[in-house]
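Here is a walk through one protein chain. Follow along in the sequence and the 3D view.

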Amino acid sequence: MCRLQHTDITLIIMQLNQCKCTVWSSGPAVRGPVVELCAVLPQVTRILKKAEDERTEEEARTLLRHPSAVEQVRGRSVRSGQQRRRREEVCDGVEELRTKVSQLAAAVRCAQHLVVYTGAGISTAASIPDYRGPNGVWTQLQKGQAVSSSDLGRAEPTLTHMCIKALHQQNLVKHVVSQNCDGLHLRSGLPQHALSELHGNMLIEVCASCIPAREYVRMFDVTERTALRRHATGRRCGRCGAELRDTIVHFGERGTLEQPLNWSGAAAAAGSADLILCLGSSLKVLKKYACLWSMNRPAKRRPLLFIVNLQWTPKDDLATLKINGRCDEVMELLMEELDLQIPPYNKAEDPIFHQATPLRPEEELSHTRCLIAPPAGQEDQPPDAQGSAPDAQGHAPPAPQPVQGGWFGRGFSKGRKRKKRKTV
Ligand SMILES: [Zn+2]
């Protein structure tokens with residue numbers, strides 16, 4: 001029987017991992033050594049877990065007989081250690097954080113065109129789960145756990161949202177590019193023209209048949225029936241009667257809607273940027289959008305890059321400065337350094353309450369999500385079909401239901417199933 005060298009086996013394994021194709025059809029000459037290697041890996045793994053002086057002579061000989069397996073196991077161990085470290089949340093100490101934020105403040109003062117990129121980490125203070133944090137949506141779904149959270153409609157803009165809105169008002173921030181679908185940037189008062197919601201907005205449904213597309217802002221998450229390649233929300237356009245669709249770019253999709261995604265605004269802002277501030281994003285998705293990173297410019301003419309995130313990001317090595325801190329904490333310090341007031345979120349000024357289109361009477365039961373509770377004194381407008389506030393008799397509102405479908409959840413699991421089928 002033809003026997004391959006260990007280096008050949010390593011190559012085969014590498015190809016197996018890279019191509020995700022099967023090697024078993026390559027014939028017995030290849031199958032034998034690969035089977036042998038696979039059989040010995042658990043044994044080698046077990047031996048390598050022991051301290052060197054605890055291994056028996058026979059175990060030491062086994063390691064010498066199988067250098068490729070040893071290399072494989074050590075390689076895996078290095079990679080999994082690296083991945084574990086990348087998932088860890090790291091916080092800079094108080095002094096280090098202050099020093100870094102004063103560097104950020106100096107950069108903000110000097111910038112001509114500051115663009116802010118935001119991710120789920122800026123909304124965690126609003127009880128919206130992030131994606132890749134230890135308890136994030138993505139992390140839980142990867143582990144096969146069901147996702148549940150308090151209703152997303154109950155969230156309100158965080159201190160970071162309000163700081164960004166204030167910085168834009170001061171003309172220090174020119175544009176905001178967000179991966180978040182929670183609608184909190186708009187609810188903070190940031191104007192829509194200064195915002196690109198690259199993955200959509202859970203509070204907006206649109207009629208794509210009207211020209212230009214007609215937006216309907218709602219007081220609730222419109223996505224409970226939508227999922228990957230299934231965007232119909234179950235309601236119809238008040239003008240032309242066509243089906244309304246959500247604006248969400250579900251996992252596995254490419255966004256095509258002009259608004260609220262506003263890709264042209266994002267690309268123009270990135271093209272003019274001399275400073276990019278990334279807040280609360282793992283950047284694992286954003287890094288794939290080449291137009292956001294000015295990589296076509298010579299390295300010296302690229303924008304300065306400041307990253308605020310607790311976990312590693314793939315852009316850390318390119319960053320001018322990485323700040324390991326919570327967004328709210330960093331933004332509070334930044335506003336202090338810039339001598340600017342942080343406007344508190346005031347529900348009465350939340351633009352959603354005058355932007356939202358009320359449901360027609362026949363649509364009142366077209367969703368089961370809680371409405372965003374109106375400001376005190378305005379409880380009777382708009383009607384609260386699901387009772388997210390106490391009713392006239394003072395009965396407590398029903399307990400929030402776990403969110404199983406919608407802009408995360410179903411879309412994600414469908415994406416995973418499709419991916420799995422493709423690679424089998
Ligand atoms: Zn229409």
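Two residues are in contact if their C-beta atoms, placed from the backbone, lie within 7 Å. Keep that cut-off in mind. The model is predicted.

An unreviewed UniProt entry lists Cys207, Cys210, Cys237 and Cys240 under "binding site". These four span 34 residues in sequence, yet no two of their C-alpha atoms are more than 8.6 Å apart, so they gather at one spot.

Now take Cys240. This residue sits in the loop between E6 and E7. Setting aside neighbours within four places in sequence, Cys240 is in contact with Cys207, Ser209 and Cys210.

Cys237 lies in the loop between strand E6 (232–236) and strand E7 (243–246). Cys237 is partly exposed, with 18 other C-beta atoms within 10 Å. Beyond four places in sequence, its contacts are Cys207, Ser209, Cys210, Arg214, Ala242 and Leu244.

The largest nonpolar core has 44 residues. Val115 and Val116 have the most contacts inside it. Several elements each supply at least two residues of this core, among them helix H5 (94–110), strand E1 (114–118), helix H7 (159–169), strand E2 (173–178) and strand E8 (275–279). Leaving aside neighbours within four places in sequence, Val116 is in contact with Ile164, Val173, Val176, Leu277 and Leu279. A second, separate core has 16 residues, including Met219, Phe220, Val222 and Ile372.

Technical notes:
Residues numbered from 1 in each chain as written. Predicted model: local features only at pLDDT ≥ 70, side-chain atom pairs only at ≥ 80, totals over all residues. UniProt positions renumbered as here; feature names shortened; annotations may be inferred. Helix = DSSP H or I, 4+ residues; strand = E, 2+ residues; numbered from the N terminus. Buried ≥ 20, exposed ≤ 12 C-beta atoms within 10 Å, placed from the backbone. Core = buried A, V, L, I, M, F, W, Y, C linked by C-beta atoms within 7 Å.
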